[in-house]
Amino acid sequence: MIKFSRICLANGLKVLVHEDRSTPLVAMNILYDVGSRDEDPSITGMAHLFEHLMFGGTLSIPEFDRHLQIAGGENNAFTNSDITDYYITLPANNIETGFWLESDRMNSIDFSQKNLDIQKNVVIEEFNQRYLNQPYGDAMLLLKPLAYTVHPYRWPTIGMDTGHINNTTLQNIKDFFFSHYAPDNAILTLTGNITPDNAFRLAEKWFGPIEKRIIAKRDIPSEPLQTEERILTVERDVPASSLYKAWHIGPRLNSDFFTLDLITDLLAGGESGRLYTKLVREKKLFTEINAYITSDIDPGLVILQGKIINGVDINKANDAVNRIIMAIKEKIIPSAEMEKVKNKYESANIYGNTNILNKALNLAYYELLGNPEMINSEVELYRNSDQSMVIEAARKYLNDNNCSTLFYKSTRDSR
Amino acid sequence: MKKYSITQPPVVPVDIGTIPEAKNIRLNNNIPVFLIEAGTEDIARIEFTFNAGSIMENLPLLASTTNLMLTEGTRNHTAGKLNKELDFYGSFYHLFAEKDRAGIVIYCLNKHLKRILGLASEILFHPVFPQAEFKTIMKKRLSWYLINKEKVHNIAMDQFFESIFGNNHPYGKKVTSEDFNNLDLSTLSSFHSRFYTPENLTIIVAGKINKITTDLLDLYFGQSYNPSAGHPESPKLPERQKERKVHIAKPGTVQSAIALGCGTINKRHPDYPQLKILNVLLGGYFGSRLMKNIREEKGYTYGINSSVNSLDLSGYQIISAEVSKKYTQKAIEEIYKEIDLLQRVPAELNELEIIRNYMLGEMVRMFDGPFAIAESFRSAWEFGLDNSYYYRLAEKIKTIEPDEITATAKTYYKINDLYEIIAG
């Protein structure tokens, strides 16, 4: 049970605190309600590039990292399609330095052409390192736009291509900051060795003076219903062929989200998942296979990916996967198996709670979803999913006409 | 735009406080157990660690394959049943086979401790090495190997280890695709019976510890046994290669991987703390000189990192990065420039102050929560050290002088000793 207190400052900043006396540290998390789904399709990658620029200093504090390190702190950040998140851990008695630094860069940052140019290079190297210079690195760059035709989830957070990153101007950056970075578009959470009173006092002192801003109105095109199967075949110089599949599901807050997440655990949770047991161990068609849910706020995907054993026909591998999906739709899951995936979810949740940073991020995320109490109630929601709900959800979503399949063929495979 | 005007809050010097001590007990049969009481949740992280790393193998892949086969079937459970049960009770595990040690780490809920320890003793002492599972594992491993061979980072790292430790030593030997055909079940089984023995085992438990924890460990691991005959001979010392610069070309890549470094001292050496500090300054944190120069000022790379690592018979220090091909040589020049600077010009006190506080903050994080404490404990214990090592490190972080850093750079970063590996 994670106890927390919550206030909302006059400028709209939401502040949540969970006190944990067992640690000498405090974790501070700021979530901005902006991700790559908020980008203009002609300059994608902005949200992530911007995250890099947030470490470039401000007019009043030119070196962000230096001050944090002097206080014994550490920090990092990530961007995904829905959010941009910044996090810090500090020894408890230096936490005010975190407030000073984070409020300062929420207030304003130093928009310099030089910093922008360097970070463009850094991000382009990140793009090269993650997507171009890795075997299978481009698979998601191919699968997402196959599944999404209009919704911004069709491009990756880092940007559609390096041209977009290169073409970003200082004016784009300024506009982006003032329309997304604001107290009324952010959630601040503190977890660890800090009392709620102290946290609220510091939040008021440091973030209170920042004025509300005009947040860009979110106007995201919704993805039209997919009505027929989509297939893309590519050939690449990789050691083994690989299969990728994606099915559309509902938004994060749909009641069947939990059931679908459990379905991916039935399929691929641990070594005892059905895909591994049947297709790796028994039939020996794949060397590895995995399935997961994307957890996006707008309607997301169930994604399945597997590396095929050399010599096995990719269509045969795909048929075998489809038979396993079919079994979930047709046959009642044995109770013990159902219990297994629920237990596993619950224990993962408990292990996750040993980490203050995890708790800070989760609290912020559930607040964004509209109900921070979910940090405690979600286990129950998973527990409430039953066998008939599994069949129902599988029948509703895991259909061919709702599926995009990427055949990623190895040119080295003899077949 | 209004200028933000509230003054900077004061900063308190970072204090690592008291490091939690591990309680050392022995099971009825003398197996050493370390108990670390920490955390708020009713869970345990249990590590079973053996002297069974690749240092003990006479064939490449032997130590790691033996380790991976532990959960592929036991006396009473097929692989499928075993994993189903481990999952059913909400436990997570990871098998590890490193250069020196191998074993398994299991995370479990204390309410299922009995069941999990029962399974753990089967996994460790009664695996059956079934043929079908062995074939599957080898196919999987070959597939990982072939994929990893495509990555410039892995190519550079493999060559780096071969260069500094030699291709005749398990620390340095590169795996080839033929090695996947040279293992059989009897080899695995005899490696297992030789090295996965009670006298070769240490158990480290962290989390909520109860009387029942030790009772159950005694029940499943404390039975008497016949000590196996003789101890494994000590392996010979690694031998570095003559060739200092190796470039492995990989057509079609957009980046090259750089690995620059050499063999070095390990944690047991009195100079290790200052070498650690020097390393952080050079490339061990986000504000390091290498990151500032090569990423933040030049934009040649997404990240450049340097680290100092301890092994039982040696150690190694390495600077690594993946850089745009057109900047590879420039990046290497800048690395040498930074090393040269460290040897000639004493660090400014304000830079040193950042390092001191950052590193002390890191030390606080290293002992935050049961999982982190267990890992920190383990990485000192492996070298026969205890918390006094960490107190010594903290003391050195607080008191090191710029001259000492310069001297350390001269001793341990001799340009002529460095290996320069490029892949891509």
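## A guided tour of chains A and B

Start with chain A: residues 24 or more positions apart account for 80% of its contacts with a separation of 6 or more. Keep in mind as you look around that this is a predicted model.

**Stop 1: chain A as a whole.** Show chain A as a cartoon, and you can pick out 15 helices and 11 strands. Its radius of gyration is 23 Å, close to the 22 Å that the globule rule gives for 415 residues, so chain A is as compact as a globular protein of that length. Now colour by burial: buried residues make up 50% of the 415 residues in chain A.

**Stop 2: the two domains of chain A.** Select residues 5-207 of chain A for domain 1, then 230-410 for domain 2, and give each a colour. The C-alpha centres of these two domains of chain A lie 28 Å apart. Where they touch, domain 1 of chain A brings 32 residues to the contact and domain 2 of chain A brings 27 residues. Stay on the domain 1 side and highlight the elements of chain A that give two or more residues to it: strand 2 (14-19), strand 3 (25-32), strand 5 (84-91), helix 5 (139-147) and strand 6 (186-192). Sorted by class, this side of domain 1 of chain A has 16 nonpolar, 9 polar and 7 charged residues.

**Stop 3: where chain B meets chain A.** Bring chain B into view. The contact between the chains takes 58 residues from chain B and 63 residues from chain A. On the chain B side, several elements give two or more residues, among them helix 2 (79-88), helix 4 (131-148), strand 9 (301-310), strand 10 (315-324) and helix 12 (370-381) of chain B. Next, select helix 11 of chain B (349-366); this helix gives the most to that side, with 8 residues. Coloured by class, the side of chain B that touches chain A shows 25 nonpolar, 18 polar and 15 charged residues.

**Stop 4: helix 10 of chain B.** Finish by selecting residues 328-344 of chain B: this helix has 17 residues and reaches 25 Å from its first C-alpha to its last, close to the 24 Å expected at 1.5 Å a residue. Show the side chains of T328(B), A331(B), I332(B), I335(B), E338(B), I339(B) and L342(B), which are buried. Look down the axis of helix 10 of chain B: its buried residues fall within an arc of 120°, so they line one face of the helix.

Note on methods
Residues numbered from 1 in each chain as written. Chains lettered and ligands numbered in written order. Predicted model: local features only at pLDDT ≥ 70, side-chain atom pairs only at ≥ 80, totals over all residues. Contact = placed C-beta atoms within 7 Å. Helix = DSSP H or I, 4+ residues; strand = E, 2+ residues; numbered from the N terminus. Nonpolar A, V, L, I, M, F, W, Y, C, P; charged D, E, K, R; others polar. Rg over C-alpha atoms; globule rule 2.2 N^0.38 Å. Buried ≥ 20, exposed ≤ 12 C-beta atoms within 10 Å, placed from the backbone. Domains from an automatic or database assignment. Expected span 1.5 Å × (residues − 1). Arc of directions from axis to C-beta.
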